[in-house]
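Take a look at the structure below.

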There are 2 protein chains.
Amino acid sequence: MSTKQKVLLLGATGATGSSILDGLLDANQFDVEVLVRPSSVKKPSVQQIKSRGIPLRVSDLNVSEKELASTLQGIDILISAIGPHDLLQQKTLVRAAKSAGIKRFVPCAFITIAPPQGTMLLRDEKEIIYNEIKSLELPYTVVDVGFWHQISFPCLPSGRVDYAALVPNTTIHGDGNAPNILTDIRDIGRFVARIIADDRTLNKYVYTWGDILTENEILEIVEELSGEKVERQYETIEEIEKKMEDTQSSLSLDPADPAKRILVYVTQYIYSKYVRQDNQPRYAKYLGYLDARELYPDFKPISFREFFTEVLDGRGKRPYGH
Amino acid sequence: MSTKQKVLLLGATGATGSSILDGLLDANQFDVEVLVRPSSVKKPSVQQIKSRGIPLRVSDLNVSEKELASTLQGIDILISAIGPHDLLQQKTLVRAAKSAGIKRFVPCAFITIAPPQGTMLLRDEKEIIYNEIKSLELPYTVVDVGFWHQISFPCLPSGRVDYAALVPNTTIHGDGNAPNILTDIRDIGRFVARIIADDRTLNKYVYTWGDILTENEILEIVEELSGEKVERQYETIEEIEKKMEDTQSSLSLDPADPAKRILVYVTQYIYSKYVRQDNQPRYAKYLGYLDARELYPDFKPISFREFFTEVLDGRGKRPYGH
């Protein structure tokens with residue numbers, strides 16, 4: 001009989017979730033299953049997971065706590081990489097995890113370092129879930145990853161890296177000197193596999209990183225590797241603040257509009273990263289986070305330099321592209 | 001010129017604040033000043049502090065951040081023992097502390113261990129302040145003390161300890177087996193003096209304790225020391241829950257009524273301590289608290305047994321009695 005820890009992953013087809021799925025499988029030390037909604041079972045991305053021999057557990061999240069708990073039976077570790085619009089749907093899942101005796105719940109964090117409340121709507125909703133977890137004394141680990149390499153590079157005049165860019169741009173925010181925690185999206189799962197097997201991270205916050213870089217430093221690397229000169233476009237602090245306020249007031253007129261929400265998320269990320277300069281190790285440490293690189297000194301993350309070399313070689317991949 | 005840390009204490013005339021004031025002065029390693037509102041300067045309790053040679057700084061809290069920051073000039077450590085109804089008045093104080101370069105802010109915590117959100121209204125308001133602190137990256141220490149010895153003893157049939165009881169009663173909640181963190185109110189200041197001089201507690205939560213006792217254990221000590229038999233009155237979990245709900249709905253009809261708020265605080269304390277059983281070391285550790293007794297193994301706190309011996313000897317003092 002297997003003595004491997006049984007891990008159930010929610011959101012396995014998403015950008016973060018598929019990295020986690022790969023990381024868990026590659027670690028070869030977990031029995032991995034995937035939680036999917038009934039309406040998603042037939043999706044090609046889910047069928048592809050099934051075809052890799054990964055067992056599916058099928059349940060909606062808006063069922064009773066009791067029903068959800070029965071779906072979680074036998075699971076040791078529950079990881080949620082649920083989408084940003086569905087964060088609050090984790091509420092019942094948290095209670096079900098408690099009653100099913102889950103030994104570690106990894107709620108959907110996986111973002112930048114930011115204040116627990118009042119700066120980023122996305123972070124605020126996560127905090128509601130963390131507080132629910134803490135209220136139930138459910139064992140947990142919060143894993144934040146900063147921003148991805150994959151959405152942190154400027155485009156080149158030649159256009160040769162546009163194929164891998166989510167939104168091609170060459171904007172520098174403020175003076176371009178705010179350091180930011182960056183993780184290659186492919187490393188998220190590898191980090192998670194380490195973190196969930198580690199007693200030191202139980203009931204703790206952990207951040208991962210491949211590099212800590214400012215926009216100016218990123219530009220230097222990009223220009224050096226490409227041999228091209230990037231034309232800088234500057235956005236001032238005032239312009240960032242104005243954009244953020246505009247998106248926020250637009251959302252307040254229509255709070256249920258997902259497109260308007262996404263715009264708020266995007267502008268609040270920029271405000272937090274470049275105006276407040278939250279997403280850096282000093283603030284993470286202040287907030288009580290453990291540093292995954294200190295925990296795992298042998299871990300070799302993908303550096304931004306390595307990542308961008310791949311992009312120049314045509315081996316990049318646009319995020320959310322599946 | 002003095003190289004002592006300059007400490008400013010807000011709420012020095014309250015029950016917790018006066019313990020802190022005594023603890024700071026006894027430690028003989030701080031320059032202590034007291035922050036008072038203009039309307040309080042003439043109060044006998046404030047004049048008494050002044051007569052001990054302690055400098056007063058006088059300011060309202062509802063002034064501008066700039067004005068408040070100028071009042072805080074030269075202060076290293078700011079401790080708030082503000083009253084439970086005024087917790088949210090700390091908002092401007094937090095911002096002023098940041099701009100005045102305060103090296104450590106000790107916000108008004110000093111209660112039982114409880115979930116950060118959703119269980120106790122009193123705790124929820126403190127959380128708002130903690131989040132404000134974290135958003136500003138203001139150096140801080142949260143100190144919680146559990147419940148006081150002084151409000152944790154049952155009365156005796158002879159009536160001889162009633163003089164020291166806040167509300168004489170002999171109620172046992174549930175089965176009386178919930179362990180609770182207890183600190184003698186006089187030890188709070190002694191603990192605080194240690195904690196604020198300790199780099200290990202910076203940006204951390206710490207809990208203090210003299211004893212960890214259940215109500216049944218308290219009764220055993222009380223009966224042994226007094227030679228009297230206490231008549232137990234039991235309150236069931238259901239009765240506790242009913243009382244809490246009643247006080248909450250009563251407050252919701254009249255949210256500004258301080259008497260109704262106090263009743264909610266009292267019943268939520270009871271619910272948290274005896275039904276949820278939050279106020280114990282295991283949960284404190286889960287929430288990330290440091291244990292002050294582990295930090296200071298040489299610290300000799302006043303045990304509940306010592307405290308109750310004093311009460312029997314007529315040397316007790318009713319809390320909030322000044």
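Against which elements of chain B do the buried residues of α4(B) pack? This is a predicted model, and the answer can be followed in it step by step.

Start with the helix itself. Helix α4 of chain B covers residues 90-99. Its buried residues are B:Q90, B:T92, B:L93, B:V94, B:A96 and B:A97. They pack against strands and helices of chain B. The strands are β1 (5-10), β2 (30-36), β4 (77-80) and β5 (104-106). The helices are α3 (65-71) and α5 (121-136). Just after α4(B) comes B:G101, with a positive phi of about 75 degrees.

Now move to helix α5 of chain B, where B:K126 sits. This lysine is buried, yet it has no salt bridge. Leaving aside neighbours within four places in sequence, B:K126 is in contact with B:L87, B:C108, B:A109 and B:I111.

Is A:V222 buried or exposed? Its relative accessibility is 0%, so A:V222 counts as buried. Not counting residues up to four places away in sequence, A:V222 touches A:P154, A:L156, A:V230, A:F304 and A:F308. A:A165 lies 57 residues from A:V222 in sequence, and the two C-alpha atoms are 14 Å apart in space.

Step back to the whole of chain A. It has 12 helices and 13 strands. Its radius of gyration is 20 Å, close to the 20 Å that the globule rule gives for 322 residues, so chain A is as compact as a globular protein of that length. The C-alpha atoms fill a box of roughly 60 × 45 × 40 Å along the principal axes. Buried residues make up 54% of the 322 residues. Among contacts in chain A with a separation of 6 or more, 78% join residues 24 or more positions apart. Chain A exposes about 14000 Å², and carbon and sulfur atoms supply 51% of that area.

The same surface serves both copies: 100% of the contact residues of chain A recur in chain B.

Conventions
Residues are numbered from 1 along each chain as its sequence is written. Chains are lettered from A and ligands numbered from 1 in the order in which they are written. This is a predicted model: local features need pLDDT of at least 70, side-chain atom pairs count only at pLDDT 80 or more; totals for chains, interfaces and linings use all residues. Side-chain values use heavy atoms; hydrogens and water are left out. Contact means heavy atoms within 4.5 Å. Buried means under 20% relative accessible area, exposed over 50%, partly exposed in between (1.4 Å probe, protein chains only). Helices (H or I, at least four residues) and strands (E, at least two) are DSSP runs, numbered from the N terminus. Lys and Arg count as positive and Asp and Glu as negative; His and the chain ends are not counted. A salt bridge is a side-chain nitrogen of Lys or Arg within 4 Å of a carboxyl oxygen of Asp or Glu. The radius of gyration is taken over C-alpha atoms; the globule rule is 2.2 Å times the number of residues to the power 0.38. Accessible areas come from the Shrake-Rupley method with a 1.4 Å probe; for residues, only the protein chains shown count as cover.
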